[in-house]
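Subject: Structure handover, helix contacts and salt bridges

Hello,

Please find the structure below, followed by notes on what was found in it. The notes take helix packing and then charged pairs.

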Amino acid sequence: MDGIIPLYKERGMTSHDCVNHVRKIVHMKKVGHSGTLDPNVDGVLPICVGSATKVVDYLMTHQKVYRGSVTLGFATETEDLDGAEVKRVVMSEPVPDEKIDAVMAGMVGELSQVPPMYSAVKVNGRKLYEYARSGQEVERPVRTVTIKSFKRTSDSQFDAAAGTQRFDFEVACTKGTYVRTLAVQIGTDLGLPAVMSSLTRVESGGFTINETVSLDTLREQVANDAVEFLYPIDRVLTQYPTIEISDEIWSVVKNGVWLLPDEVNTDAPVISLKYQGQIKCLYQRVKDRYKPLKMFSTK
């Protein structure tokens with residue numbers, strides 16, 4: 001069994017939990033995911049099985065889309081609802097939606113982020129959340145991410161009794177973006193503490209939430225010898241021109257031989273080579289030759 005399973009990760013599970021469940025269901029050890037989701041986040045988690053684990057890096061180049069909510073008026077140590085409250089400002093009146101929209105629009109484009117202390121980023125060989133749990137604060141690496149779009153998707157709801165304001169959003173971004181930190185940044189720019197109060201990933205690796213399959217459905221389909229849940233690696237490599245190759249070309253490609261542009265009839269910088277209906281590898285142009293970039297299968 002080789003391919004990609006667009007899994008729906010339920011809340012309360014880690015991404016590693018999902019991988020372990022899939023391993024048991026499909027009876028395979030060679031299983032990996034493409035992009036961690038926090039336990040309190042649900043949504044799309046592409047799982048690669050068999051030789052498809054070789055395309056994990058390419059899955060992660062696709063944009064990610066999230067839908068969630070931000071609550072203004074208090075902050076937590078984890079930047080979501082899982083952590084202890086660290087600050088509260090009782091709001092006497094709501095922030096106008098137009099002002100929120102302006103702040104969100106200003107965050108579109110390249111953005112520098114400092115990973116939250118409660119995250120799996122490693123510093124000096126230890127995960128940040130391990131430092132955080134022991135009460136240590138360490139210097140964290142700044143990373144640059146790209147926010148492709150960031151929009152409010154609901155009218156704000158102001159809770160006068162609690163002194164808080166909540167609204168929904170959708171964000172499209174590159175890998176490595178901490179959406180929790182985006183929520184906190186909105187608050188900072190508005191002069192208020194803020195928290196990410198819910199989050200669902202609705203797109204990842206080119207798969208949407210409508211294409212996902214739950215663990216229960218996966219168990220049922222595997223028990224019935226069905227494979228509707230499995231997508232070929234072609235799905236992830238659509239950004240590269242696909243070249244069908246002959247038996248003669250395949251006989252040298254599977255041994256890593258370089259090719260001439262005339263042999264593949266293209267001058268694209270990166271191409272995927274397909275043999276007998278399956279993408280076998282990626283080749284990259286280097287000067288006047290094409291050299292192997294990534295081999296997925298030699299069978």
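Helix H3 (residues 97-105) and helix H5 (residues 179-190) have axes that come within 10 Å and cross at roughly 120°. Please keep in mind that this is a predicted model. Angles of 65 to 115 degrees count as roughly perpendicular and those over 145 as roughly antiparallel, so H3 and H5 are classed as oblique to each other. Their crossing is right-handed. On the H3 side the contact is made by Lys99, Ile100, Val103 and Met104, and on the H5 side by Ile186, Asp189 and Leu190. Sorted by class, this contact of H3 with H5 has five nonpolar and two charged residues, and no polar ones.

The other helix pair is H1 (residues 15-26) with H6 (residues 215-223), whose axes also come within 10 Å but cross at roughly 15°. Angles under 35 degrees count as roughly parallel, and H1 and H6 are therefore described that way. The crossing of H1 and H6 is right-handed as well. H1 contributes His21, Val22, Ile25 and Val26 to the contact, while H6 contributes Leu215, Leu218, Arg219 and Val222. By class, the contact of H1 with H6 has six nonpolar residues, one polar and one charged.

On to the charged pairs. Side chains of opposite charge can pair when their charged atoms come close. With a cut-off of 4 Å between nitrogen and carboxyl oxygen, the count comes to twelve salt bridges. Three of them are described here:

- Glu85 and Arg88 meet through their side chains at 2.9 Å, N to O. Glu85 is partly exposed, with a relative accessible area of 42%, and Arg88 is partly exposed at 40%.
- Arg289 pairs with Asp288, with the closest N and O atoms 3.1 Å apart. Arg289 counts as partly exposed at 33% relative accessibility, as does Asp288 with a relative accessible area of 45%.
- Asp155 pairs with Arg152, and here the closest N and O atoms are 4.0 Å apart. Exposed means over 50% relative accessible area, so Asp155 at 56% counts as exposed. Arg152, with a relative accessible area of 22%, is partly exposed.

Asp155 and Arg152 also belong to a network of salt bridges, in which they are linked with Asp97 and Asp101.

Regards

Note on methods. Residues are numbered from 1 along each chain as its sequence is written. This is a predicted model: local features need pLDDT of at least 70, side-chain atom pairs count only at pLDDT 80 or more; totals for chains, interfaces and linings use all residues. Side-chain values use heavy atoms; hydrogens and water are left out. Axes are lines fitted to C-alpha atoms, for helices over the stretch in contact, and angles run from 0 to 180 degrees between N-to-C directions. Helices (H or I, at least four residues) and strands (E, at least two) are DSSP runs, numbered from the N terminus. A crossing is left-handed if the near helix is turned anticlockwise from the far one by less than a right angle, and right-handed if clockwise. Contact means heavy atoms within 4.5 Å. Ala, Val, Leu, Ile, Met, Phe, Trp, Tyr, Cys and Pro count as nonpolar, Asp, Glu, Lys and Arg as charged, and the others, Gly among them, as polar. Buried means under 20% relative accessible area, exposed over 50%, partly exposed in between (1.4 Å probe, protein chains only).
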